[in-house]
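Please have the sequence and the structure open while reading.

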Amino acid sequence: MALLEVKDLEVYYGVIRALKGISFKVEKGEIVTLIGANGAGKTTTMQSIIGLIPIRSGSVVYNGNDITKTPCHKLAKLGMSQVPEGRRIFQELTVYENLMMGAYSVKNKSSFKDDIEDVYKRFPRLKERKNQIASTLSGGEQQMLAMGRALMSHPDILLLDEPSMGLSPLLVTEIFDIIKEINKQGTTVLLVEQNAKKALSIADRAYVLETGSIVLEGDAKELMDNDDIKKAYLGE
Amino acid sequence: MEFLETLINGLSIGGTYAMIALGYTMVYGIAKMLNFAHGDVIMVGGYTIYVILAQTGYPFLGLAAAILFCVLLGVAVEKVAYKPLRGASPLAVLITAIGVSYLLQSSAQMIFGSAPKMVTLVHINSINIGALQIEGHVVVTLISSFVIMLLLTLFVKYTKVGRAMIAVSEDKGAAQLMGINSNAIITLTFAIGSALAAVAGFFMLLKSPSLTNTMGAMPGIKAFTAAVIGGIGSIPGAMVGGILIGIIEAFSLKSAAIAPYTNAIEFLILIVILLVRPSGILGKKRREKV
Ligand SMILES: Nc1ncnc2c1ncn2[C@@H]1O[C@H](COP(=O)(O)OP(=O)(O)OP(=O)(O)O)[C@@H](O)[C@H]1O
Ligand SMILES: [Mg+2]
């Protein structure tokens with residue numbers, strides 16, 4: 001059984017049909033990427049899975065439970081975590097307090113100290129800046145904070161919406177290395193990216209989204225060699 | 001000496017305004033709405049104190065009952081009237097809030113009539129420090145309101161729930177991703193705001209015992225002014241704005257020539273401050289969404 005299974009997902013913004021019934025799966029332990037151009041519906045997919053945007057029809061099944069109508073705030077406890085598009089860290093809070101919010105759903109208070117140390121170990125720059133107000137962080141540091149914050153709830157699956165957005169190539173490589181590492185340590189990853197090359201290079205499988213429909217799917221390495229993909233998304 | 005007395009008076013009046021302004025600003029910051037009926041919660045608190053005092057004779061039992069009843073009322077109004085409108089146009093929410101305000105005022109008039117009720121709480125002796133003479137209720141209001149402000153600040157700053165309130169006010173969606181139940185945080189905000197309004201009602205009755213169904217209207221508007229001056233949505237802003245309005249009021253009432261224009265002066269200051277700093281003294285500039 002897949003860890004996450006999306007079936008015939010349809011989402012509307014008013015009369016605009018943003019997702020036209022898409023289906024895909026993420027198996028436990030995988031990195032699956034969803035690639036597509038601007039406005040394809042990637043963010044809509046991510047936000048409707050996690051309950052921030054209402055679903056018109058279709059279903060989302062996570063770990064055997066139908067979560068189609070589960071309110072967003074209950075999903076963190078079920079092991080689903082998201083780094084949203086644009087990071088959306090809490091600008092007025094300090095780095096430490098942002099991480100504290102990330103652990104909001106964790107009932108076992110004793111693990112907090114270890115968890116935060118783990119995040120600091122993964123992102124040493126956050127430790128140096130732990131008492132800094134988050135709005136004063138650089139873009140790269142904000143991305144690290146958003147990822148650290150999402151990891152504080154011990155997710156079984158991590159949904160990442162364009163982690164490379166606005167980062168320098170060097171930093172993008174660093175962030176993708178970290179994603180790979182997080183995955184190796186047991187967290188399943190669903191990754192949305194416009195940077196298709198990078199995304200396909202670390203993913204196991206991929207889906208291609210075009211104006212609200214999945215038009216192609218397959219093994220990430222195979223898709224990298226696909227001529228249509230090369231032309232449309234890899235700029236070759 | 002007189003200057004110092006007036007200043008202390010002003011701080012005390014300001015403390016009461018701050019109690020009310022905090023309700024406006026917290027609800028605005030977290031539920032993103034202007035709760036026009038907030039001032040009337042003060043009045044409901046006042047009548048609760050009146051009833052309990054008449055029945056038992058204990059003013060502080062009246063205060064406790066007023067806090068409890070106002071909290072229940074605030075939470076119920078939010079559930080019944082405002083929650084169904086979440087996501088609706090701000091105008092629809094504002095009109096609903098105005099409706100709630102009239103509903104509360106008319107209900108009080110139906111139950112208690114329109115003649116003012118006299119509520120004599122406790123007499124507290126004046127305090128003399130050297131040549132300085134301060135009325136007892138001024139001291140009580142001043143000290144209690146500042147202690148409450150300190151406690152609220154500590155709660156918001158140093159507890160997990162307090163930080164979650166800031167998180168929800170900043171980005172409700174991101175807060176939900178963290179597992180924060182934003183509806184519960186909004187309910188809590190209404191509860192705190194209503195409790196503070198009940199306390200403000202007690203302070204007002206300490207100062208002047210006359211109770212009517214519109215007693216909350218003017219202080220409500222002034223406290224809202226204070227919240228905007230301080231920067232609506234900002235908790236320290238509401239405190240600063242409230243104290244500022246209180247001090248201005250105390251000094252303005254001191255001079256026979258200026259006293260009749262006190263309200264006008266306060267609103268004029270609002271206009272001037274908004275011209276210089278549109279987001280208020282401690283307000284944040286609105287950030288563009290990424
Ligand atoms: N709040 C909204 N109201 C109306 N339409 C929206 C809204 N959000 C997104 N859309 C529309 O839905 C479609 C999908 O948007 P979405 O944000 O999911 O795209 P995306 O694939 O994430 O794009 P990008 O790569 O630019 O982030 C777009 O046509 C967009 O204009
Ligand atoms: Mg997007």
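In the counts by class below, Ala, Val, Leu, Ile, Met, Phe, Trp, Tyr, Cys and Pro are nonpolar, Asp, Glu, Lys and Arg are charged, and the others, Gly among them, are polar. On that basis the lining of the second largest pocket holds 7 nonpolar, 8 polar and 3 charged residues. The model is predicted. Chain A and chain B are in contact, with 23 residues from chain A and 23 residues from chain B taking part.

**Second largest pocket**

- The volume of the second largest pocket is about 380 Å³.
- Its lining consists of 18 residues, and those nearest the centre are Tyr17(B), Met204(B), Lys207(B), Pro219(B) and Glu249(B).
- At least two lining residues come from each of four helices of chain B: H1 (2-31), H5 (136-158), H8 (182-207) and H9 (217-230).
- H1(B) provides the largest share of this lining, 4 residues.

**Interface between chains A and B**

- About 2200 Å² is buried between chain A and chain B, and 64% of that area lies on carbon and sulfur atoms.
- On the chain A side, the most area is lost to chain B by His73(A), Glu92(A) and Tyr104(A), which together make up 31% of what that side buries.

**Cavities**

- There are 2 cavities of 30 Å³ or more.
- The largest cavity has a volume of about 90 Å³.
- Of the 14 residues that line the largest cavity, Asn35(B), Val41(B), Gly74(B), Phe190(B) and Ser194(B) are nearest its centre.
- Two or more residues of that lining come from each of these helices of chain B: H2 (38-56), H3 (59-82), H4 (90-112) and H8.
- H3(B) contributes the most to the lining of the largest cavity, 4 residues.
- The lining of the largest cavity comprises 9 nonpolar and 5 polar residues, with no charged residues.
- The second largest cavity has a volume of about 30 Å³.
- Residues of both chains line the second largest cavity: Ser81(A), Gln82(A), Gly102(A), Arg149(A), Ala150(A) and Ser153(A), along with Leu177(B) and Met178(B).
- In chain A, strand E6 (80-83) and helix H5 each give at least two residues to the lining of the second largest cavity.
- By class, the lining of the second largest cavity has 3 nonpolar, 4 polar and 1 charged residues.

**Helix pair H5(A) and H6(A)**

- Helix H5 (residues 139-151) and helix H6 (residues 169-184) of chain A have axes that come within 11 Å and cross at roughly 10 degrees.
- Angles under 35 degrees count as roughly parallel, and H5(A) and H6(A) are therefore roughly parallel to each other.
- From H5(A), the residues in contact are Gly140(A), Gln143(A), Met144(A), Met147(A) and Leu151(A), and from H6(A) they are Leu171(A), Glu174(A), Ile175(A), Ile178(A), Ile179(A) and Ile182(A).
- This contact of H5(A) with H6(A) is made up of 8 nonpolar, 2 polar and 1 charged residues.

Terms used. Residues are numbered from 1 along each chain as its sequence is written. Chains are lettered from A and ligands numbered from 1 in the order in which they are written. This is a predicted model: local features need pLDDT of at least 70, side-chain atom pairs count only at pLDDT 80 or more; totals for chains, interfaces and linings use all residues. Side-chain values use heavy atoms; hydrogens and water are left out. Axes are lines fitted to C-alpha atoms, for helices over the stretch in contact, and angles run from 0 to 180 degrees between N-to-C directions. Angles under 35 degrees count as roughly parallel, over 145 as roughly antiparallel, 65 to 115 as roughly perpendicular and the rest as oblique. Contact means heavy atoms within 4.5 Å. On a 1 Å grid over the protein atoms alone, a cavity is a set of points where a 1.4 Å probe fits but cannot get out, and a pocket is an open set with protein on both sides within 12 Å along at least five of seven lines; lining residues have an atom within 4 Å of a point. Grid points are joined across faces, edges and corners, and a volume is the space filled by probe spheres set on the points. Buried area is the accessible area (1.4 Å probe) that two parts lose on being put together, summed over both.
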